[in-house]
Amino acid sequence: MEFRLKIPLWKLAILHLLLYLLITFISDTSHLFHPLTLFMQLILFIWYISFHHYLKRIIKENIEVKEENHHLFTHDALTGLLNFASLHQRLNRLIERDTRFVLLFIDCTNLKSLNMEQGFEGVNHLLKDFSNQLTKLFPEAYCIARYGGDEFAVVLRVMEEDDLEERLAPILESETPMIMGMPITYGYTLFPEEADNKQELITITEQKLFLMKRANWLKREEDMQRSEKLRVVGELAAGMAHEIRNPLTAIKGFVQIAKSNSYQIEPWYGVIMAEINRINQLTSEFLQFSKPAPKNFRLCTLQECVDRVHQLTLSQAVYLGHELVIQPALHSLEVCVDKDKIVQVILNLVKNGLDAMEANGILTIRLGEKNGKGMVEIADTGRGMTKEETEKIFHPFYTTKEEGTGLGLPISYKIIQDHDGDLEVESELGVGTTFRLYLPLIKTKDRGMLQEEGS
């Protein structure tokens, strides 16, 4: 209960003083006008006024503190809007009165990420601006509250023939993002048409907000993937054009020379055909890299793939003066793969290793198991690579060979990915390079089914 003084303090003091003088005059008139009595009465009058002034100030401060505490208890300290608890109280009152209204939830998209860019002070400033804009955009609202960290709730009045979509869409999809400079997501529910109670009302609104967040997230992911595909296509096209231009330039030059020599191309025939073959090889590898190959998965062992590669490369290793060492696994490593593709990958890695070594090099192919996957490790004793080189070797058209196309390793990487495997590389200058490819092993319970499918 609040106590407020309705009579001015000076009037109350004079009234009390006159009452005191009247009582003194009636009771004892002999000393009424004595100087000491008058002095004491003046002191009493001054003290009385001071006391009443102090009392009034205390009462006023008490009222202000209560009002401030009540405001802090019901409002958000940062934005000045209603807080979570007060919103629920307002909703309870509206529902008890059977009032028709709309509950709108608004989420500031990616506001948390701005903490890293602008800091907490900058984000707090944005939240204050956003709350101010909400009060301007929805002046007719029953209430506006800060529902969470970057979520706001607006309770709107609804007219009889109110088209909510037509009314809210321009504000939420155009005006608000343009004013704030950031995208938002939202969801709203009409009471009592779409919900019977407060809990159901809030649940439905949160679900609608989540669905819009999910749709926006999927759209962003789709846009990012499309942009990434276009970037990759651009890089491939630029690389392909660059690689083809070189042999075409050489062919054009020899044809021009042949023209000045009565089209006698015999001296340059071998070079021209070599450049044409190079273009053909480059085009074939590019098509293999870009087009999805049909899958022909069958049950086999990694040892079978390595044995096939050993047969194909043994003569080259001997010719180059290298030693080819095979270290088999302790037990059979069964996989379901396109055997020809896996042989192609291992063969490519082994040839790269043989080419990277000087005379009397040692290339080791080691089989094993790691983390439930079959492993094939190809280690050479060549010159090795720098960290910058190892980061680029799987990029299309990057090569350290004079005769290379730069598509062998990217194709190998893509093949292993298509098999749900991994391809890793480690290298050290002056020591050598090690490639490890991992493929999922076949479990015992799946072997019979795969064998039936293969037969």
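Glu426 is partly exposed in this predicted model, with a relative accessible area of 49%. Glu426 forms a salt bridge with Arg436, and the closest N and O atoms are 3.3 Å apart. Glu426 belongs to strand β10 (residues 422-428) and Arg436 to strand β11, so the contact ties together parts ten residues apart in sequence.

Arg436 also meets Glu377 in a salt bridge, with an N to O distance of 2.6 Å. Here the partners sit in strand β9 (residues 373-379) and strand β11 (residues 432-440), so this pair ties together parts 59 residues apart in sequence. Glu377 is buried, at 8% relative accessible area. Arg436 is buried as well, at 17%. Both residues are classed as buried because the class covers values under 20%. Arg366 joins Glu377, Glu426 and Arg436 in a network of salt bridges.

A further salt bridge pairs the side chains of Glu304 and Lys339 at 3.5 Å, N to O. Glu304 counts as partly exposed at 36% relative accessibility. Lys339 also counts as partly exposed, at 33%.

Across the whole structure, the search finds 13 salt bridges. Among them are Glu304 with Lys339, Glu377 with Arg436 and Glu426 with Arg436.

Conventions:
Residues are numbered from 1 along each chain as its sequence is written. This is a predicted model: local features need pLDDT of at least 70, side-chain atom pairs count only at pLDDT 80 or more; totals for chains, interfaces and linings use all residues. Side-chain values use heavy atoms; hydrogens and water are left out. A salt bridge is a side-chain nitrogen of Lys or Arg within 4 Å of a carboxyl oxygen of Asp or Glu. Buried means under 20% relative accessible area, exposed over 50%, partly exposed in between (1.4 Å probe, protein chains only). Helices (H or I, at least four residues) and strands (E, at least two) are DSSP runs, numbered from the N terminus.
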